[in-house]
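Thank you all for coming; I would like to take a few minutes to walk through one model. Please have the sequence and the structure open as we go.

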Amino acid sequence: MYFLYNLIVISASAILKLLALVNPKLSLFVNGRKETFNLIKDTISKTDKVIWIHAASLGEYEQGLPVMEKLKLLYPNHKFLLTFFSPSGYEVKKNSKVADVICYLPLDTKKNVHKFLEAAHPDLAIFIKYEIWPNYLAALNSVNTPTFLISALFKNNQNFFKWYGSFMRKALTNFSHFFVQNKKSKELLNSIDFKNVTVAGDTRFDRVTEILDRNNSLEFMAHFKQNQFCFVLGSTWPEDEKLIVEYINNTSLPIKFVIAPHTIKNKHVEEIIEAIKKPVARFSELENIAIEDYEVLIIDTIGILTKIYSYADLAYVGGGFVTGLHNTLEPAVFGIPVIIGPNFNGFAEAEELVQLGGVNSIKDSSQFNNLVNTYSENNKYRLKIGQINANYIQEKAGATKRIVDELKSVFPVKN
């Protein structure tokens, strides 16, 4: 089976190189990996002590970040290596100072694995959520490198739990310990004889609770809001924006709207602005305008949405009408109600918050309109619903400490 797996990975590598010639995203995926070994060579010496953390993309990075920040405090003499599989994670964080080296993870061929581990020689390896690469894991185990899977989720339909999943089950044996998000994941691992499992929870809850402790002030938002009811609509797709624009154009309620589209290309932003019949400002054009005179603000940049949520009285999180729901925890941590589209199955926190009532799922414009009207006109009810979200997140916090405490027992801190 290893032969077949390696053949598939090598074949995939060749195909990706061809597709990269015509696909910009795949070009980043392929060409970015050409820099990996130079980046490591320029930063990590043979005598350096290294902790390696691997994330598939941006979401997994957010889950690993609280753990990495704690480890940096505990192991100040180690260099930190952060790898990504996907361009959507690496391209956003490649210039971050959060780690000593940030690079793409080479594909899981035996040749790449040998070269990568020889250059990086990690003393500790941490993989996040679903990242299970058989050749890397086997090589780490062969040199007795403690290797952990954190914020992991396991589900019945994964091949580990099927009759044909022996190859991937064997890959799991290379982990020193599993830190899973929920009891169901632990039960599934137990069912295939893995006992080295701890239900630690999801580190994203620690990440979002930290948001409350930082400075979230934005001068332009204070001027724009002017103490009025503020409705922030984050990571919106065209399907979401159709509902939003219709409501904005027809409501007479005194609401300030902030729209942060998932796609911020100029053409798309212009289409949104043209569809709205009320005064609209663009973040990129705020200079020399009286922003308080506008009713709608379009955020055509990235990196500030979380802070903007701190000014919201109500939030809408996009993606629930298309391929995947975006982050509902970032607005929810501020103790405000959240509205989402109908497709949220598989997003555990959304499922739980819908059941609790802090997040409202809508299927059409009628439901959307009714909810916005209700929350904007009934402040007491809005605060009550928002508190459900705040309480939920506070109760779920603590995964980082549970993980780091266990890591210290396996990988002792040396003064």
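Which residue does the UniProt annotation "active site" cover? According to that unreviewed entry, the residue is E60, with the position given in the numbering used here, the feature name shortened, and the caution that annotations may be inferred rather than shown by experiment. Before going further, this is a predicted model, in which local features need pLDDT of at least 70 and side-chain atom pairs count only at pLDDT 80 or more, while totals for chains, interfaces and linings use all residues. Residues are numbered from 1 along each chain as its sequence is written, and side-chain values use heavy atoms, with hydrogens and water left out.

E60 sits in helix 4, residues 58–74, where helices are DSSP runs of H or I with at least four residues, strands are runs of E with at least two, and both are numbered from the N terminus. E60 counts as buried because its relative accessibility is 15%, buried being under 20% relative accessible area, exposed over 50% and partly exposed in between, with a 1.4 Å probe and protein chains only. Leaving aside residues up to four places away in sequence, E60 touches A55, I128 and K129, contact meaning heavy atoms within 4.5 Å.

Let me turn to R282, which belongs to strand 10, residues 280–282, and is buried, with a relative accessible area of 9%. Beyond residues up to four places away in sequence, R282 touches several residues, including N266, E270 and L297.

Finally, M1 lies in the segment before helix 1 (2–19) and, at 61% relative accessibility, counts as exposed.
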